[in-house]
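Trainee: I would like to go through this model from its overall layout down to single residues. Please define the terms as we go.

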Amino acid sequence: MRIDTPSSYLDLFSRPAATVPAVADQSDALPDASGEPSTSRALVPLSPPNLPATTGATDLAPELAEAVADADTSGYDLRAISPRDMQELSLDLYAQGLLTFEDYAVLAFQPELHPRFNDTVGALTGETADPTRPRDYVRQWEDRLSFERRHHAENSPLVKQSQRIVALLKGLDDPTDITA
């Protein structure tokens, strides 16, 4: 059996990428880094927050260690925190600039807070949702990092992300006193 594919289908994927059109009127152009009006409407990404080093899962980057020590995590025990509180804490850490949006999204996602957890994940695992029961999130993320290392390359984005989160959680759990 032979399947003929229309040539227009192939052309959809073989065309060169479109370029950003130039701004016709310079009066509405935003200034670039030099202060001159920009000639395109391309968005310039903001610089990401300072992140922990990804080489080790236990140590923080020196520039982040002070920020972690000053982080406001009062009222939260990362060795016994509920999913509801972890969702709140992760938003606070993102607002303080200690997490990227991608790391925040992964850390804030708590499946047990979904109203149909018992019908979906709970039905498969035999567990019922209990979003107020405290958990050891440092241990959970260490286990997740171990899993990611077993199943992915050491330099994969999932491993690096897990390393950043474990380093941050450990730094928040046992902050180093940098003044001593």
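Trainee: What pattern does the protein chain follow, read along the sequence?

Mentor: This is a predicted model, in which local features need pLDDT of at least 70, side-chain atom pairs count only at pLDDT 80 or more, and totals for chains, interfaces and linings use all residues. Residues are numbered from 1 along each chain as its sequence is written, and side-chain values use heavy atoms, with hydrogens and water left out. The protein chain has 7 helices and 0 strands, where helices (H or I, at least four residues) and strands (E, at least two) are DSSP runs numbered from the N terminus. Along the sequence the pattern is α-α-α-α-α-α-α.

Trainee: What percentage of the residues of the protein chain count as buried?

Mentor: Buried means under 20% relative accessible area, exposed over 50%, and partly exposed in between (1.4 Å probe, protein chains only). Of the 180 residues in the protein chain, the buried share is 28%.

Trainee: Which helices do the buried residues of α4 pack against?

Mentor: In α4, the buried residues are D103, Y104, L107 and A108. Seen down the helix axis, they fall within an arc of 120° (taken from the directions from the axis to the C-beta atoms), so they line one face of α4. The buried residues of α4 pack against α3, α6 (137-151) and α7 (157-173).

Trainee: Is Q110 buried or exposed?

Mentor: Q110 lies in the loop between α4 (101-108) and α5 (121-125). Its relative accessibility is 12%, so Q110 counts as buried.

Trainee: Which side chain does the side chain of Q110 join in a polar contact?

Mentor: Contact means heavy atoms within 4.5 Å; leaving aside neighbours within four places in sequence, Q110 is in contact with P83, M86 and Y137. A polar contact is a pair of N or O atoms within 3.5 Å; within protein, one must be able to donate a hydrogen and the other to accept it, and residues adjacent in sequence count only if both atoms are side-chain atoms. At 2.7 Å, the polar contact of the Q110 side chain is with that of Y137.

Trainee: How far apart are the C-alpha atoms of D174 and L78?

Mentor: D174 lies in the segment after α7. With a relative accessible area of 56%, D174 is exposed. D174 and L78 are 96 residues apart along the chain, and their C-alpha atoms are separated by 9.7 Å.
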